[in-house]
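Colleague: Hi, I'm new to this one. Please walk me through the helices and then the aromatic rings.

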Amino acid sequence: MELSIDTSTRYASVCLSDEANVLCQYSWFSQQNHSRELLPYIINLLDSAGTSKEDLDCIIVAAGPGSFSALRVGLSTAKGLCASLGVPLIPVNTMEIEAHRFQGLGLPICPVLDIGRGEIAASIYSDSDQTWHCIVKENIYTTTELCSTITSQTIFCGEGIKNVGESIKDELGALAIIPEQNLPTRLPASMAAIGYKIFSTGVLSNVSTIEPIYLRRPSITKPRLS
């Protein structure tokens, strides 16, 4: 069985699956308390499924991009569990989780996350040639900058679309396809499917070297001199 953990943003989730088949899942809106909320949700998840952490074959974690502190909570919890259980840790890109549900439609897929300061994170995925892959790596854009890179009809999705969808439509017209999406937009089943596919290859990451994907440094200030 696989345990999946996503604390990329305030919309968080945990999922228990068996060879990517979802057995139980919880999604919630965090009040910026991922560190207090995550472990109780994991315990409830295992209890609801009538299983224990010793039954886990791997742990899948959303590695970002996302909120600096929230990502660290998810990854540190996942690393601790992997160390205690002796199971592999499978990092999954948060943008790929957003895009995954729309694969198979024959168009490029652009997941979007709001990262504040009037900017968004975006990347582009494609399943052309029957191969699912990232064709534009995640980066920071303004809405106008992102739209200037789009030259063909593209599906826009993800948590950030609720804030910039209208602007994208205005700038791109018929090139922008924006399906209706309810929050949370990242499906635990997508995370489980992506992670299990990686796990099945047997090509696994070194747990100690896995780090969150950050697109900018955290907002911190120097201490004032007295």
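Modeller: Glad to! One term to start: angles under 35 degrees count as roughly parallel, over 145 as roughly antiparallel, 65 to 115 as roughly perpendicular and the rest as oblique. This is a predicted model, where local features need pLDDT of at least 70, side-chain atom pairs count only at pLDDT 80 or more, and totals for chains, interfaces and linings use all residues. Residues are numbered from 1 along each chain as its sequence is written, and side-chain values use heavy atoms, without hydrogens and water.

Colleague: At what angle do α1 and α2 cross?

Modeller: Roughly 40°, with the axes of α1 (residues 34-49) and α2 (residues 68-85) coming within 10 Å. The axes are lines fitted to C-alpha atoms over the stretch in contact, with angles from 0 to 180 degrees between N-to-C directions, and helices are DSSP runs (H or I, at least four residues) numbered from the N terminus. The two helices are therefore oblique to each other.

Colleague: Which residues meet there?

Modeller: From α1, His34, Ser35, Leu38, Leu39 and Ile42 touch Ala70, Val73, Gly74, Thr77 and Leu81 of α2 (heavy atoms within 4.5 Å).

Colleague: New topic: how many aromatic pairs are there?

Modeller: The structure has 6, counting Phe, Tyr and Trp (its six-membered ring) with centres within 6.5 Å; planes under 30 degrees apart are stacked, over 60 edge-to-face, the rest tilted. Tyr125 and Trp132 have ring centres 5.4 Å apart and planes at 20°, so they are stacked.

Colleague: Is Tyr125 buried or exposed?

Modeller: Buried, at 5% relative accessible area (under 20% is buried, over 50% exposed, partly exposed in between, 1.4 Å probe, protein chains only). Trp132 counts as buried too, at 18%.

Colleague: And which residues form a ring cluster?

Modeller: Tyr26, Trp28 and Tyr41, linked by ring pairs.
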